[in-house]
Amino acid sequence: MATSIAVCSGKGGVGKTSVSVNLALTYRKLGKRVAIFDADFGMANSHILMGINPQHYISDVLNGSKSISEIMCKGPNGVMVISGGTGLLEVLNIDRKHRYEVVRLLDELEDELDILIVDVPAGASDNSVSFVSAADRAVVVLVGEPTSFLDAYSFIKAANLEMGTKDFTIAVNMANNEAEAKKHFERFNAIAMKFLDVRLRYGGHIPHSQRIRASIVNRKPIVTQGSDTPEVLAFQKLAKQVLAAPINTSTGIRFFHHGEWEGL
Ligand SMILES: Nc1ncnc2c1ncn2[C@@H]1O[C@H](COP(=O)(O)OP(=O)(O)OP(=O)(O)O)[C@@H](O)[C@H]1O
Ligand SMILES: [Mg+2]
């Protein structure tokens, strides 16, 4: 049975796409069948980090000209990519009906996949909140800056109050070391505990790394380079922690019909 993992942050530019791509490749290394659904409609870029050029996008599925399988594109090590498209302004803000359609269309992948990773757009739009709540597990990418804390908090609050999502795994990105990352998590967790009815878990940290920057520029994900670098080991730890987190039971549409409430 396929499971889904949404990668979100509230704030833009904190590393969601980098985390999505490298998590996907890490699960692939563990023998899982993995696809990335790039839900950043109109501004999708996970394919850029993977060095591939999809020819078709989710808009081709929504307008009925292609099936999901036809638009899937093979990335490094066999990670599949479903692209949200670039420069497609008309699908930037798809409505509830189309979101529902997209989630249901992805059902056709249930037998072909073990893990679907959803790269969720920045902000706390209906799209972002709905895709996170539709996933079994939510990973929130946090960096040690007040703006990231604020936006991650607002996002978690929206997902919790609007859709009842309770469990979130926090991945601290661009950290100097584990101790610093854990401190960021503890501070963030204390704020969330005080005001929200949610459960946050520390998922691990990804080091601030010139090699990660270079891997993005060179379009060769860090996890495909070497096997025991600090970056690769960090993604392995995170991958394990994410799957160890409890499954969310949010209301609304769910990927692969898990715990579905069918109300539209
Ligand atoms: N661990 C890291 N170490 C160093 N630089 C990083 C790291 N993670 C991300 N970056 C830098 O941050 C930039 C943004 O990363 P990424 O595109 O993954 O963020 P994002 O959250 O997906 O952004 P957006 O909100 O625009 O979708 C990258 O281009 C890279 O330069
Ligand atoms: Mg991104």
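Me: What is the relative accessible area of glutamate 178?
Reply: This is a predicted model, in which local features need pLDDT of at least 70 and side-chain atom pairs count only at pLDDT 80 or more, while totals for chains, interfaces and linings use all residues. Residues are numbered from 1 along each chain as its sequence is written, chains are lettered from A and ligands numbered from 1 in the order written, and side-chain values use heavy atoms without hydrogens or water. Buried is under 20% relative accessible area, exposed over 50% and partly exposed in between, with a 1.4 Å probe and protein chains only. Glutamate 178 is partly exposed, at 25%.

Me: Which residue forms a salt bridge with glutamate 178?
Reply: A salt bridge needs a side-chain nitrogen of Lys or Arg within 4 Å of a carboxyl oxygen of Asp or Glu. In the bridge of glutamate 178, the closest N and O atoms are 3.6 Å apart, and the partner is lysine 237.

Me: How many residues apart in sequence are the parts that lysine 237 and glutamate 178 tie together?
Reply: Helices (H or I, at least four residues) and strands (E, at least two) are DSSP runs numbered from the N terminus. Lysine 237 is exposed, at 52%. Because lysine 237 sits in helix α10 and glutamate 178 in helix α8 (residues 178–195), the pair joins parts whose separation in residues is 59.

Me: Which residue forms a salt bridge with arginine 254?
Reply: The structure holds 7 salt bridges. In that of arginine 254, the closest N and O atoms are 3.3 Å apart, and the partner is aspartate 136.

Me: Is the pair of arginine 254 and aspartate 136 buried or exposed?
Reply: Arginine 254 lies in the segment after α10 (230–244) and aspartate 136 in the loop between α6 and β6 (137–142), so the bridge ties together parts 118 residues apart in sequence. Both residues are buried.

Me: What is the angle between the planes of phenylalanine 37 and phenylalanine 131?
Reply: Rings of Phe, Tyr and Trp (its six-membered ring) pair if their centres lie within 6.5 Å; planes under 30 degrees apart are stacked, over 60 edge-to-face and the rest tilted. The whole structure has 6 aromatic pairs. Phenylalanine 37 and phenylalanine 131 form an edge-to-face pair, 5.6 Å centre to centre, with a plane angle of 90 degrees.

Me: Where does phenylalanine 131 lie?
Reply: Phenylalanine 131 is buried, with a relative accessible area of 0%. Its partner phenylalanine 37 is in strand β2 (residues 34–38), so the pair ties together parts 94 residues apart in sequence, phenylalanine 131 being in helix α6 (residues 126–134).
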